[in-house]
Amino acid sequence: MKNKFYALIIALFLYSIGSYAQDVKKNDSIRINQYGREVKWLSLNGEAQDGILNFTSDDKSYSLWFDNRIQFDGGIFSNDALNPIGNGATIRRARFAIKAIIWNNWYGELDLDFSGSAVELKDAYVKYTFDSGDLNIKAGHFRESFGLETNTTSRYVTFIERSLSSKLDPSRHLGIQANHWKDKYILSGGAHFNTVGELEEVTLSQDANKDFGLDEGYAFTGRVVYRPIIDNDKVLHLGVAATYRTPQTTAEVPNSFRYSTRSYSSINRKKYIDTDDILNVDNTNMFDFELAGAYKGLMFQSEYKIVNVNRMDDLSSVNIDGFYAQAGYLLFGGKYNYNKAEGEFTRISRGKKYGDLELAFRYDYVDANDFDAEVYGGSAEGYTFGLNYHFNPNVKFMVNYVYTNNDRYANGKGKLYIGHDLNGDLTKDPADVIETNGNGGDDFGMLTMRLEMDF
C-alpha cells in the first residue's frame, strides 16, 4: 500500500512537470509588459556597424542604435591680441543619442549634450516616413531647414568651428516640418516656434508667458535644393532657403533681435561681433543661397546670407549679411560623399586602409554694421587652413590655423579694445581709434586642434 502511494505521488509529479513544460512551450510566444499588457515581440540581432552599436529585427521593422560623440579641443592664441586670450582645452561636445525605427515607418531620436557640465537638449523628435521612402514629416525639437553648413552635423563639418556667417542661421527649434526629395531635388518646409535647448532660454520664455502673457513667436522656413549633376563620383548642388520670423520670448528683451558670435573657438569666450539688442522688432526675414559640389576627392562649398530686421514705429530696417567659401581635397585618394535625402556632405570614404589626409581652406566674412540704422555690431573676416586626418570611420584628428581680422566696431558691445587713441592708450570707442581704415579692430591668429570619436 505504501509503495502504491509513493508511485502515485511520483506519477502526479511527473505529470505536473509535463503539463508545465507544455504550458511553457504553449506560452513561449506571449510577452507581458510592465503595465500588464500582452505585447508583440521580435528577436533582435546585435552588431557593430562601422563602430556604431545597432540592434535590428530579422524583418527590419525595428532598429535601435546609439550615436555618441566626443570632441576634445585645444587652442593656442597669438599673444599680440589687443584683448588677451588664454590658451586652454575643453570638451567641445559630449553627445549621447538614442535613435530608433519602429513599425517600419516611425523614427524617433533623443540627443543630449553633456559638455560644459550641463545637460542641453539637442534633438528630440518623431518622424514618419511614407512607404515611398522619399517623403517624411517630423515634429519636435530639431534643426530648421536653413543653411547647408548649419544643417551638416558637427561629425562631418570640414573645420573645427562653422563660419561666422552661419551663426546667423536659425538652428534648433520646436516645430513640424515636411521633407520631400528625389535624385534631382529637395523640398523642405515647416512651421517653428521657440527653442528648448538651454535652461536660460526656457526660463525666459516661461517667465514671459507667466508674467506678461506673451505669445512665444513663430517662424515659417523653407528650403529648395536642385542638383543638375549627381552620381556616385560627382555632384553639383544649388540651393536657396528663406525664413520669416516674429520675435521670440527666448530673447532677454521682448520684441528684440540680437546677433552675436564667438570667433572660431569655444575656448576664447569673447564675442567680438555683437549687435546688442535691436529693439521694437516686428519681424525678421532671412535668405540663404547655396552653391556646392564635389568630384571624387575634391569638394567646394559656399553660402551667401542676408538678414533683414524690420522694426516698428517707422524705424528703418536693419540689414546684416555674410558669406563663406571653402574647398577641400583628400590627399590619399579618398572620396567626398553626398547625402541626397538631407542635401549635405556626409562621411568621407578613405583612400587608404590606414586613413586619409584632408587639406582644406575657407574664407568667410560677416558684416553686422548698418550705419543708416545706427547699428554697429562689427564686421570680421577669417582665413582658415585645415588639416584633418581620418584614421577610420569613427576617429579623426583636426588641426586648424585661423587668422581673424575684426573691424573697429567689433568691440563686443563696448567691452573690448579695438585700437589706440591719440595718447597711445588702448580704447574701446570706435570714434577715438587713430588707426587708419582697415587697421582698427583686434586682429589675431589661433591654432586649434580636435580629437574626435563617434561611437
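Student: Is Phe-220 buried, partly exposed or exposed, and why does it get that label?

Tutor: The label follows from relative accessible area, where buried means under 20%, exposed means over 50% and partly exposed lies in between, computed with a 1.4 Å probe on protein chains only. Phe-220 is partly exposed because its relative accessible area is 48%. Bear in mind that this is a predicted model, in which local features need pLDDT of at least 70 and side-chain atom pairs count only at pLDDT 80 or more, while totals for chains, interfaces and linings use all residues. Residues are numbered from 1 along each chain as its sequence is written, and side-chain values use heavy atoms, with hydrogens and water left out.

Student: Where is Phe-220 found, and which residues does Phe-220 touch?

Tutor: Strands (E, at least two residues) and helices (H or I, at least four) are DSSP runs numbered from the N terminus, and Phe-220 belongs to strand E13, residues 219-230. Contact means heavy atoms within 4.5 Å; leaving aside residues up to four places away in sequence, Phe-220 touches Gly-190, Ala-191, Ala-242, Thr-243 and Tyr-244.

Student: How should I read Asp-134, and why is it called buried or exposed?

Tutor: Asp-134 is buried because its relative accessible area is 11%, and it sits in the loop between strand E9 (120-129) and strand E10 (135-143). A polar contact is a pair of N or O atoms within 3.5 Å; within protein, one must be able to donate a hydrogen and the other to accept it, and residues adjacent in sequence count only if both atoms are side-chain atoms. The side chain of Asp-134 makes such a contact with the side chain of Lys-182, at 2.6 Å. Not counting residues up to four places away in sequence, Asp-134 touches Asn-179, His-180, Trp-181 and Lys-182.

Student: What span does helix H3 reach, and what span is expected?

Tutor: The expected span of a helix is 1.5 Å times one less than its number of residues. Helix H3 (residues 199-212) has 14 residues and reaches 19 Å from its first C-alpha to its last, close to the 20 Å expected.
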